[in-house]
Amino acid sequence: MTRPAKTGASVDLVRHARLLSEIREAVLSGRRPPRQPRPLVARSWERLCTHGISPDDCVRSTSVSLSEVENRRSRSDLRKVLPDLRAVLGSAAAGADFVVVIADDDGVVLWRDGAQAIRRTADQLGFVEGASWAEDHVGTNAIGTALIENTGLTLFSAEHYARRQHSWYCIGEPVHDPRSGDVLGVIDISGPAMTLHPSTAGLAHSAARLAEATLWRLHRESLDRLCEESAALLAGTAPALVVDEHGWVACARGLDNPRRIAAPEPGTAAFVPGLGLTVPEPLGQGWIMRPHRADAQIELELDLGDSPRATVRGDVTWTRALSPRHAQILRMLAQHPRHGVNATDLSVALYGNAEHTVAVRSEISRLRRRLGAIITGQPYRFSDEVVVRVLTGVVPARG
């Protein structure tokens with residue numbers, strides 16, 4: 001949900017803008033502010049200062065070419081929900097004092113709608129199609145900062161790092177891919193600061209949830225089509241799964257539907273609970289997963305040293321390098337084989353607090369794509385069908 005600035009119908013916006021300006025000037029000059037900035041804003045300012053980016057460096061956003069904008073639009077899954085978003089937001093923007101912007105996961109503006117007068121003002125800020133509004137380009141803003149924080153937010157006046165943006169408010173809501181949890185981009189509503197209305201944040205939040213709901217509906221429809229296409233091929237075959245390119249299960253034969261497995265990779269064996277070791281067989285926009293050998297033993301060997309890696313041993317053996325974060329996750333799971341580890345505990349271990357459970361789920365999703373469905377959840381633990389070997393010892397996944 002959007003985390004708002006303290007603005008609303010009962011707030012004197014002029015006085016509030018003046019207070020925020022005093023806070024910003026004090027913080028950036030090293031003096032004691034009359035009030036501490038909101039934690040989200042303080043973190044953004046600290047990131048920028050740490051990277052040596054001054055407010056004067058955020059004069060104007062950089063832009064990609066028009067051809068690159070078209071390439072990004074064609075690649076973005078947000079194009080699938082553009083008609084719905086324009087139906088909800090476009091008409092509202094045309095008659096209101098704000099612009100509506102849809103940016104991709106790099107913070108590049110792909111589409112913009114709004115009243116002509118407001119768009120002209122946005123032009124002067126470089127808030128145009130093709131412009132990058134990543135935080136390290138233009139300072140604290142509702143697109144770039146929302147992407148880093150992975151949360152909805154409202155920024156008002158001098159909460160922006162760059163002074164030239166103080167005359168505006170901006171509201172950003174990330175849109176997540178319902179299949180993976182990854183951020184696809186941000187829906188942004190921006191306008192003159194003194195026109196901010198408390199209901200505008202709700203409009204942005206509702207639009208983002210509409211986009212995610214539409215993407216999920218389209219995803220379900222594609223799974224239904226994949227299942228229909230595979231019916232003849234699966235006749236008399238058991239057990240087997242049909243999955244899409246992301247590992248979502250379209251249909252199952254001879255076993256319980258696990259809903260999702262690790263995203264298959266061409267020619268790469270993968271462990272699937274209930275099937276054992278499998279080698280994906282291509283099927284249109286998806287894959288058929290059938291047992292490679294029913295009696296294959298699955299062993300996961302974890303080398304969590306200076307160059308961490310995981311090796312899956314069975315009928316086929318393969319090794320994957322691990323990022324330090326993935327190695328840390330696997331180490332925690334190996335230390336708690338019986339009861340597993342929940343997302344909150346992983347958030348504390350990885351990020352130092354309990355506020356990043358969404359990021360944890362994204363990391364687990366990426367780890368499953370790397371290693372296969374060896375991790376179950378929630379809580380997260382190794383599958384009962386896998387024997388885990390950590391350096392010198394063997395740890396049965398059931399504990």
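Mentor: Start with the angle classes: under 35 degrees is roughly parallel, over 145 roughly antiparallel, 65 to 115 roughly perpendicular, and the rest oblique. The angles run from 0 to 180 degrees between N-to-C directions, and the axes are lines fitted to C-alpha atoms, for helices over the stretch in contact. Helices (H or I, at least four residues) and strands (E, at least two) are DSSP runs, numbered from the N terminus.

Two notes on the source. This is a predicted model, where local features need pLDDT of at least 70 and side-chain atom pairs count only at pLDDT 80 or more, while totals for chains, interfaces and linings use all residues. Residues are numbered from 1 along each chain as its sequence is written, and side-chain values use heavy atoms, with hydrogens and water left out.

Now helix 9 (residues 324-335) and helix 10 (residues 343-351). Their axes lie 11 Å apart, and they pack at an angle of about 135°. The two helices are therefore oblique to each other. Their crossing is right-handed; a crossing is left-handed if the near helix is turned anticlockwise from the far one by less than a right angle, and right-handed if clockwise. Helix 9 brings Arg325, Gln328, Ile329 and Met332 to the contact. Helix 10 brings Asp345, Leu346, Ala349, Leu350 and Tyr351. Contact here means heavy atoms within 4.5 Å. By class, this contact has six nonpolar, one polar and two charged residues. Ala, Val, Leu, Ile, Met, Phe, Trp, Tyr, Cys and Pro count as nonpolar; Asp, Glu, Lys and Arg count as charged; the others, Gly among them, are polar.

Next, helix 4 (residues 82-94) and helix 8. These pack at about 160°, with axes 10 Å apart. That makes helix 4 roughly antiparallel to helix 8. This crossing is also right-handed. Asp84, Leu85, Val88 and Leu89 of helix 4 make the contact with Leu203, Ala207, Leu210, Ala211, Thr214 and Arg217 of helix 8. The classes are seven nonpolar, one polar and two charged.

The structure holds two aromatic pairs. Rings of Phe, Tyr and Trp (its six-membered ring) pair if their centres lie within 6.5 Å; planes under 30 degrees apart are stacked, over 60 edge-to-face, and the rest tilted. Trp216 and Trp248 make an edge-to-face pair, 5.4 Å centre to centre with 80° between the planes. Trp216 lies in helix 8 (residues 200-234) and Trp248 in the loop between strand 6 (240-244) and strand 7 (249-253), so the pair ties together parts 32 residues apart in sequence. Trp216 is partly exposed, at 26% relative accessibility. Trp248 is buried, with a relative accessible area of 6%. Buried means under 20% relative accessible area and exposed over 50%, with partly exposed in between (1.4 Å probe, protein chains only).

The other pair is Phe127 with Trp133. Their ring centres are 4.7 Å apart and their planes at 65°, so this pair is edge-to-face. Both residues are buried.

Last, the whole chain. Its secondary structure comes to 11 helices and 18 strands. The C-alpha trace spans about 70 × 45 × 40 Å along its principal axes. Of the 399 residues, 50% count as buried. Among contacts between residues at least 6 apart in sequence, 55% join residues at least 24 apart.
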